[in-house]
Amino acid sequence: NLWIWLFFGAPSAFSFQVKFPMDSEECEAPRVDKEEWSWVSPNVDMKYSPKSGTGCFAIAPIKAREHLIHWTGRIVSGDAVKNLPIEDQDYLLQVDDDLFQVPIFNGHRERADYVNHSCDPNAGFGDNPALLIAMRDIEPGEEITLDYAMCDSSHKNKFFPCRCGTKNCRGYVTVEDWKSSELQKKYKDFFTPHLRRRIRLQAAVAEVAVQVCGDHSLVQPFQREPISLP
């Protein structure tokens, strides 16, 4: 789960618990603040799923390229992220090489924060690093997911296990996954702008290395180093 974005003012500080049905029993969801600064499409809402836990789901048909969520919060540097409360350090979005959008207030939580990762996502980014859009048509009941490789290249967690359960699940997610030529072809323009810029630079450097030095090593497919999961 992640996120939040740009400072606009001070909301009233109170929160509430949401209860979701789970196997005919009520299940208490994570706390969310009643005052929301992020925009969530009326076709999307936070729900509980026995499969993925708390997430954002389509509650009406969604068309490809439709806007889903626009996060709002503070923009801070990577060094400033280290000074955030530990519980807030997982609720951030990388918006540039060393810039992150973090909760507008420490401890602030919104529905938009509960977008889960998937190795086969249905949502990604466009020209705005804080705007989530649909990659394809999405049916009611489908969970809204994104691949963290689309935006994350410098997070405090070097890797974490992935249990998305899709056929192409990578097993774990790392901050270097964006370098994968397979993912670059798969997601194309759905990366955040700062990663699209790095991908273009990566390709340009590789081309120069081949033309000037005859060095083909930079155009070899990216291989992740094996990681032993706990």
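Biologist: Which backbone oxygen lies 2.9 Å from a polar atom of the side chain of Gln89?
Modeller: That oxygen belongs to Leu84. Please keep in mind that this is a predicted model.

Biologist: Where is Gln89 found, and is it buried or exposed?
Modeller: Gln89 is located in the loop between α1 and β10. Its relative accessibility is 7%, and the limit for a buried residue is under 20%, so Gln89 counts as buried.

Biologist: On to the rings. How many aromatic pairs are there?
Modeller: The count comes to four aromatic pairs. One of them is formed by Tyr91 and Tyr114, an edge-to-face pair with 6.1 Å centre to centre and 75 degrees between the planes.

Biologist: Which parts of the chain does that pair link?
Modeller: The pair links distant parts, with the two residues 23 residues apart. Tyr91 lies in the loop between α1 (78-81) and β10 (93-96), and Tyr114 lies in the loop between β11 (99-102) and β12 (116-117).

Biologist: Are Tyr91 and Tyr114 buried or exposed?
Modeller: Both Tyr91 and Tyr114 are buried.

Biologist: What about Tyr187 and Phe191?
Modeller: They also form an edge-to-face aromatic pair, at 5.9 Å centre to centre and with 70 degrees between the planes. Tyr187 has a relative accessible area of 0%, so it is buried. Phe191 is likewise buried, with a relative accessible area of 0%.

Biologist: Back to Tyr91: which charged end sits over its ring?
Modeller: The charged end of Arg109 does, 3.9 Å from the centre of the Tyr91 ring.

Biologist: How many bridges join β5 to β8?
Modeller: Two bridges join β5 to β8, which covers residues 67-70, and the two strands run antiparallel. Val40 stands opposite Ile69 in β8.

Biologist: And the sheet with three strands?
Modeller: That one is an open sheet as well, with the order β9-β11-β10 and antiparallel pairing. Its edges are β9 (74-77) and β10; each has a single partner strand, so one side of each lacks a neighbour in the sheet. The twist averages 40 degrees from one strand to the next.

Biologist: Over how many bridges do β9 and β11 pair?
Modeller: They pair over four bridges, in the antiparallel sense. Val76 stands opposite Phe100 in β11.

Biologist: How accessible is Asp96, and what separates its C-alpha atom from that of Cys151?
Modeller: At 26% relative accessibility, Asp96 counts as partly exposed. The C-alpha atoms of Asp96 and Cys151 are separated by 8.7 Å, while the two residues are 55 residues apart along the chain.

Biologist: Change of topic: where is Lys63, and is it buried or exposed?
Modeller: Lys63 is in the loop between β7 (53-58) and β8. Its relative accessible area is 56%, so Lys63 is exposed.

Biologist: Finally, how many helices and strands does the chain have, and what share of its residues is buried?
Modeller: The chain has three helices and 17 strands. Buried residues make up 46% of its 230 residues. Among contacts with a separation of 6 or more, 66% come from residues 24 or more positions apart.

Conventions: Residues numbered from 1 in each chain as written. Predicted model: local features only at pLDDT ≥ 70, side-chain atom pairs only at ≥ 80, totals over all residues. Heavy atoms only, no water. Phe/Tyr/Trp six-rings, centres within 6.5 Å; stacked < 30°, edge-to-face > 60°. Buried < 20%, exposed > 50% of the residue type's maximum accessible area, 1.4 Å probe, protein only. Lys NZ or Arg CZ within 6 Å of the ring centre and 35° of its normal. Pairing = 2+ DSSP bridges. Polar contact = N/O pair within 3.5 Å; in protein donor to acceptor, adjacent residues only side chain to side chain. Axes fitted to C-alpha atoms, helices over the stretch in contact; angles between N-to-C directions. Contact = heavy atoms within 4.5 Å.
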